[in-house]
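I open this notebook to keep a record of what I look up in the structure, entry by entry. Each entry takes up one topic.

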Amino acid sequence: MEAFAWLGRRVLDWVEVLGRGTVFLARVLAGLPGAAARVRDLVRQIGRVGAESMVLILVSGLFVGMVLGLQGYNMLVRFGAEESLGLAVALALVRELGPVVSALLYAGRAGSALAAEIGLMKTTEQLAAMGMMAVDPLHRVVAPRFLAGIIAVPLLAAMFSAVGVLGGQFVGVGLLGVDDGAFWSQMQAGVDLRDDIANGIVKSVVFGVVVTWISLFQGHDAVPTSEGVSRATTRSVVWSSLAVFGLDFVLTSLMFND
Amino acid sequence: MTRDRKIEAAVGLFVVIGLAALLMLAVRVGNLTLQTDYGSYRVTARFENIGGLKVRAPVSMSGIRIGQVVGLGFDPETYEAIATLEIDGRFARVPADSSASIFTAGLLGEQYVSISPGVDEEFLAAGDEIGLTQSAMILERLIGRFLFDKASAGDGD
Amino acid sequence: MPGGAGPLVLVEGLSFQRGSRTVFDSLDISMAKGEITAVLGPSGVGKTTLLKLIGGELRPDRGRVVVGGDEVHRLSRSRLYAMRRRMGVLFQAGALFTDLDVFDNVAFPLREHTRLSEELIRNIVLLKLEAVGLRNARHLWPRELSGGMARRVALARAIALDPEIVLYDEPLAGQDPISAGMLVALMRQLNDSLGLTSIVVTHDVEEIAGIADTMHVLSGGRCIASGPPEEIRGSAEPSVRQFIQGLPDGPVPFHFPGPPIAEDLLGMAAGGPAAAARA
């Protein structure tokens, strides 16, 4: 009985958090036009969540692409199909690894920082002070960060995939001797602009929205103590990662099931 | 204000690199052609068996990609498969008596339609059908025939 | 009615619960226009909560708060924001925006709510900073300020839009005597020169008694004494005296309410069944 009661409470808590999160999102969305109009602030936020994550994304993408080149080659060469290496690397990156890994890296690098920042602003009463100055902090503080995340994540994912393809080419063509022409032509013949690339971008937009939403909400929902902020930061990364994997499965089955 | 300047420059760089990456994915990986669109026309070809041919498989002539498969259908009267091929407008001069075959790229690779040009002075136009076709090579059938031939050769001795 | 202009802020029958704890139980306070009203009480009595109720950030369970004739919790969001523009709030630690420097912090409400030219905003900000003595600290960042300076900047920000009411949340907590004295003098001076109405919640009795016109003492969710500082100080009421004189125990109990210690200690042996029943 105890266990059932506990489970019931947890589910109720969870539903309540989801409800609060949805209301939060609705109010932030209402603030987006205003956020888009504040170009200077928006640029600053894109700098913080996007530009500062760029090196991490580029380096990670390069390595992931190189590993894909190596592993893909070892696999394909058994079937004598190493000419298809470019296609294999590009599809893996554009459809899955680009959007997913860059969203995870973004959650760890920028999402956690957003949660901590908003949580601290709440703890130090900056958000309340803003509210008492008749400025809605969800519009003035949260919305620009949200918009910046939505803009930055697809660009980061694109960088990840592009650099990854170059990394795969470096290993496959440069080190393992796959023909350069075959590498690119197989890729171009097999990768579809709409089905693969556009869908990959759609994925990364969805991840950008969800990860940024979760991070900002966790910060805003934090218990205003140092422990509360630290918990919120952890939760933002945990929930973001779970959401990315879960949504990736759903989106993949919707997009690529033909 | 120098701090703001720096941030703006960094964001500018970020956006430029991001858009460059998107462009590279579209053009270099996804083969978005920025050349003039010459339009395209569709022809059909009947095959006894299309094997593993899929929609979007390439159509090539002399190894050059000239179009793609846009539809696969079935004729319930003749029990034949009908493949609809979309051929790029740049390749308008395909002789009307050309033949179409389904080949496999590599031993186990993707299947594609290859068109071998004929000698006719007339060219294929939209809605035409390619008369001469050769079906996909089915590996199992080849092996089966090979074994059968061997066996019957053994009988003849 | 001291001060004579009638109440600007009226709290009537206010009840508020946080979880299972009753913070206010039918609280009545009126605060007169043009005065400095101090709300006193020991830590944890809900003074900050009272300010949040007045500012419309929290919603009471019962009762009402009237500010300048408007019932705060009946206002629509936009009317509430309009009312808040007539209010300046000084938060406990200042609550300066850490990503803006001193100048931009003070300029923030002006930029948000007015369409003044940058030049005019600059003049107003410098005047407000001059009033709190920090005009030359305008290029500093909040992290570079001492606690007292941060509060003075926050005060300059709170009065940037020339509000009618300024709410102070524990302005003196954790301040050394010099900076506390400076803040108190500043509060009196701004109140009189700008024609403000000030509401101060604090537990620093001595400091605030020097400048307040009226004092209210809160205890147990009610207002147990109201009047001018001299009257409160001379009060014979035991719970008021305990607070004013800082006695460790008295009508405001030292112990958090609950069962007596004997039950807790001995109950482990004797009260076995009772404990089991509770679980």
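**Conventions.** I am working with a predicted model, in which local features need pLDDT of at least 70 and side-chain atom pairs count only at pLDDT 80 or more, while totals for chains, interfaces and linings use all residues. I number residues from 1 along each chain as its sequence is written, letter chains from A and number ligands from 1 in the order in which they are written, and take side-chain values from heavy atoms, with hydrogens and water left out.

**Chains A and C.** I looked up the contact (heavy atoms within 4.5 Å) and found that 17 residues of chain A and 21 residues of chain C take part. The buried area, meaning the accessible area (1.4 Å probe) that two parts lose on being put together, summed over both, comes to about 1800 Å², with 58% of it on carbon and sulfur atoms. I counted four salt bridges between chain A and chain C, a salt bridge being a side-chain nitrogen of Lys or Arg within 4 Å of a carboxyl oxygen of Asp or Glu. One of them pairs A:Arg38 with C:Glu112 at 3.6 Å, N to O.

**Salt bridges.** Over all chains, I found 35 salt bridges in the whole structure. A:Asp136 pairs with A:Arg27, with the closest N and O atoms 3.1 Å apart; A:Asp136 sits in the loop between H6 and H7 of chain A and A:Arg27 in helix H1 (residues 2-30), 109 residues apart. I noted that A:Asp136 is buried at 8% relative accessible area, whereas A:Arg27 is partly exposed at 30%; buried means under 20%, exposed over 50%, and partly exposed in between (1.4 Å probe, protein chains only).

Which residue of chain C forms a salt bridge with A:Asp136? I found C:Arg77 there, the closest N and O atoms being 3.8 Å apart. This pair joins two chains, because C:Arg77 lies in helix H2 (residues 77-84) of chain C and A:Asp136 in a loop of chain A. C:Arg77 is partly exposed, at 47% relative accessible area.

B:Asp75 is in strand S3 (residues 64-75) and B:Arg46 in strand S1 (residues 40-47), 29 residues apart. B:Asp75 is buried, at 14%, and B:Arg46 partly exposed, at 23%.

I also recorded a network of salt bridges that links A:Arg38, A:Asp41, A:Arg140 and C:Glu112.

**Chain B.** I counted two helices and eight strands, in the order α-β-β-β-β-β-β-β-β-α from the N terminus. Of the 157 residues of chain B, 29% count as buried.

**Helix H1 of chain C.** Is this helix enclosed or exposed? Six of the eight residues of H1(C) (residues 47-54) are buried, so this helix is largely enclosed by the rest of the structure. Among the buried residues are C:Leu50, C:Leu51 and C:Ile54. After H1(C) comes C:Gly56, with a positive phi near 80°.

How values were computed. Helix = DSSP H or I, 4+ residues; strand = E, 2+ residues; numbered from the N terminus.
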